[in-house]
Structures are given as C-alpha cells and as structure tokens.
Amino acid sequence: MVASQANLTPVTTDTAAADLAAARRVLTSAAQALTALASSLDGQFTQAIGLMLAAKGRIIVSGMGKSGHVGRKIAATLSSTGSPAHFVHPAEASHGDMGAIARNDVLLLLSKGGETAEMGDLITYAKRFRIPIIAVACNADSTLAKAADVALILPDAPEACAIGMAPTTSTTMMLSLGDALAVALMERRNFSPDQYRDLHPGGSLGRALIRVADLMHAGSEIPLARENAPMAELLLTMASGRLGCVGIVDAKGGLAGIVTDGDIRRHALDGESGGIETRKAADVMTHGPQVARPGQLAAEALALMTEKKITQLFVLEDGSATPLGVIHIHDCLRAGLA
C-alpha cells in the first residue's frame with residue numbers, strides 16, 4: 001500500500017539537496033570508473049575474446065554475492081547475442097553443480113578482490129581438466145587473477161557509497177565489461193539482426209525485426225492476372241485471393257500494375273460508355289504500384305502503406321519485376337506492428 005501524503009516525512013530543501021548530491025556522486029563515480037576501464041583495456045581483452053570464440057562448449061559465468069547477480073546478467077546477455085552461456089553458482093558448484101561444466105567450456109569468473117573462498121573448488125576443477133579461466137577482478141595479484149589464463153583487471157576505483165564498502169562502482173564496471181565482451185563477440189561472429197530476432201521471437205524486439213518475407217502471402221496465394229484478363233476473371237481472382245487486390249503481369253511475368261477493389265468501384269462509377277464489365281485488366285489497373293522487398297523490415301512496409309494510404313504491397317526482389325508475394329496491412333497489424 002502506498003503511504004498517504006499526510007504520513008510522508010516532510011522533505012526539506014536541505015534533504016532534497018543531499019539526495020541529489022548522493023545520486024550525482026554515484027553516477028559521477030560510475031562514469032569516471034567506466035572511462036578509466038575503457039582506457040585500461042589491452043591485449044588481455046582480445047585474448048579473452050579468443051578463448052570464448054575457441055570454446056566448443058559454453059561460456060560458464062560464476063560469481064558470489066553481488067558479483068554473482070552481475071554474472072547472471074552477463075550470461076543472459078551473452079546467450080541472447082549468439083554466445084551460449086550459463087551461470088553456475090560457485091557454492092552450488094561444490095555440491096554437485098560442477099557437473100554443469102564440460103571440458104570444452106570456458107570459465108568467466110567474477111570477483112572484486114579475487115579471493116572469494118567459494119571460487120576455490122571451481123579453480124581447482126578447471127585446472128584439473130584444463131578448462132580455460134578468464135578472471136575479472138580488481139587485484140592483479142589475487143589468487144583468482146594469478147590462476148587465470150586471461151585476467152581482466154578492473155581499475156582501482158572507490159565504491160560510491162558513503163562508507164566505501166557496498167558494491168556499486170565495481171559492479172557497474174563488471175556489468176559494463178560483460179556488455180563489452182558480448183558486443184565484441186557479436187561483431188567477431190558477424191551476428192546478424194535475423195539471428196538476433198531468432199533468439200528474441202517475443203515482445204517488442206521480436207516484432208521490430210519481423211521481415212516482409214515473414215508475413216507476405218506467397219506461391220498460390222498471390223492473386224495475379226494478365227493485362228488482357230476480362231473483368232469477370234479479374235473479379236474472381238480478387239475474390240478468391242481475399243486481399244482486396246490483383247497484381248497485373250505482363251507477357252514476361254513482370255508486375256505491370258495493380259487493381260484494387262477501390263479501383264473497381266471508381267471505374268464502375270465513372271460513367272464511361274460500355275460499362276466496367278467490358279473492360280480489361282489493363283484498362284483499370286494502376287501502373288507502377290508501390291512495392292516492398294522481402295528482406296525489408298515489415299515495420300517499414302507498414303509505414304509506406306500508411307503514408308500512401310494503401311492497404312497492400314506486392315513484393316519484388318531487387319532488380320526483378322516478378323512478384324514474390326503480397327503483404328497486406330492487416331498482416332502487419334496482426335503481427336503487432338501497429
């Protein structure tokens with residue numbers, strides 16, 4: 001339950017100023033530490049990337065306390081960006097979870113001081129089975145750093161809390177270093193947006209990366225007719241396709257135009273002699289229609305349809321006039337792209 005306004009302790013100007021000062025101290029400390037971290041990176045970082053890429057198994061991340069919480073996030077980020085990773089709690093590893101670590105894995109161990117007692121069994125296990133260790137610590141002379149194949153040493157930066165003990169600045173550096181490793185691995189692997197989408201099928205990320213090819217109607221579902229098709233054939237094709245349009249193709253099968261149900265209504269009411277039933281597809285089609293590409297983001301196709309006040313786009317490959325499919329605005333809306 002939210003406390004009523006009457007029960008809240010009045011905030012004085014001095015209290016508000018102190019709150020803001022504390023917040024700004026934390027953020028300034030983090031910014032300064034991250035700048036120092038960026039400047040301190042050297043060949044050890046590249047060696048760490050090499051070990052991760054060479055591993056035929058997974059990246060096993062471990063840490064105790066706040067470092068462990070950061071480690072879980074790093075493992076999740078690595079996994080979601082194309083580098084399979086798994087978090088193993090160091091204490092649980094000593095009681096059976098060591099079995100989650102295979103000989104073709106690589107260990108990423110996080111510890112500010114590098115002397116975390118619970119890491120001892122993990123280090124021993126890794127040495128016994130020659131599993132590479134990447135250490136992240138602040139102390140280059142620590143047990144963890146010396147045992148590691150690669151040591152990523154964090155700059156000596158003070159914690160941001162008033163007593164200088166609560167993990168704040170150090171965990172921010174660890175988290176950011178994990179992001180840096182993940183992004184560098186992505187770029188080394190040439191991780192593509194389509195691969196990213198495969199790992200993020202749900203939510204706004206998945207929807208944002210849907211391609212036209214994922215939503216378009218293809219094959220026998222494409223409503224097509226010849227330029228000289230009579231009106232009766234045109235109407236039958238449009239009705240069977242249920243997309244409110246027919247693509248008109250020339251003798252070579254290239255898209256010459258489009259006829260929509262709106263075109264039919266307009267020509268039926270234009271009052272020309274002979275009536276619409278006597279006309280051919282070429283007489284009522286719109287020449288040079290707007291089109292989409294199969295690799296285009298569906299959101300871009302939706303934006304084009306909205307801008308042009310149309311409800312469908314035929315899909316063509318670059319350099320080709322042959323229709324590959326047709327995407328309707330309702331397909332985009334059903335996919336949650338509104």
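The model is a predicted one, in which local features need pLDDT of at least 70, side-chain atom pairs count only at pLDDT 80 or more, and totals for chains, interfaces and linings use all residues. Residues are numbered from 1 along each chain as its sequence is written, and side-chain values use heavy atoms, with hydrogens and water left out.

Strand 8 (residues 245–249) and strand 9 (residues 255–260) run antiparallel and are joined by 5 bridges. Within this pairing, G247 has I258 of strand 9 as its bridge partner.

Q312 lies in strand 12 (residues 312–316) and counts as buried at 7% relative accessibility. Residues up to four places away in sequence aside, Q312 touches L243, G244, C245, I258, T260, M305, V326, I327 and H328, contact meaning heavy atoms within 4.5 Å. The side chain of Q312 reaches the backbone oxygen of L243 at 3.0 Å, and a polar contact (3.0 Å) links the side chains of Q312 and T311. A polar contact is a pair of N or O atoms within 3.5 Å; within protein, one must be able to donate a hydrogen and the other to accept it, and residues adjacent in sequence count only if both atoms are side-chain atoms.

The structure holds 0 disulfides, a disulfide being a pair of cysteine sulfur atoms within 2.5 Å. C245 is in no disulfide, and the nearest cysteine sulfur, that of C332, is 13 Å away. This separation is too far for a bond. C245 counts as buried at 0% relative accessibility, and C332 is buried with a relative accessible area of 0%.

A further sheet is open, with 5 strands in the order 2-1-3-4-5 and parallel pairing. Its edge strands are strand 2 (85–87) and strand 5 (150–153), each of which pairs on one side only. Neighbouring strands of this sheet are turned by 20° against each other on average, direction ignored. Strand 1 (residues 59–63) and strand 3 run parallel and are joined by 5 bridges, with I60 opposite L107 of strand 3. Helix 3 (residues 66–80) packs on the sheet, touching strand 1, strand 2 and strand 3, and its direction makes about 160° with that of strand 2. Helix 5 (residues 120–128) lies across strand 1, strand 3 and strand 4, at about 155° to strand 3.

Strand 3 (residues 106–110) pairs with strand 4 in the parallel sense over 4 bridges, and L110 stands opposite V136 in strand 4. In strand 4 (residues 133–137), 5 of the 5 residues are buried, so the strand is largely enclosed by the rest of the structure. I133, A135 and A137 point one way from strand 4, whereas I134 and V136 point the other way.

R189 is found in the loop between helix 7 (169–188) and helix 8 (193–199) and is partly exposed, with a relative accessible area of 32%. Neighbours within four places in sequence aside, R189 is in contact with M52, L53, G82 and S83. A polar atom of the R189 side chain lies 3.5 Å from the backbone oxygen of G82, and the side chains of R189 and S83 make a polar contact (3.0 Å).

Definitions and conventions. Pairing = 2+ DSSP bridges. Helix = DSSP H or I, 4+ residues; strand = E, 2+ residues; numbered from the N terminus. Buried < 20%, exposed > 50% of the residue type's maximum accessible area, 1.4 Å probe, protein only. Axes fitted to C-alpha atoms, helices over the stretch in contact; angles between N-to-C directions.
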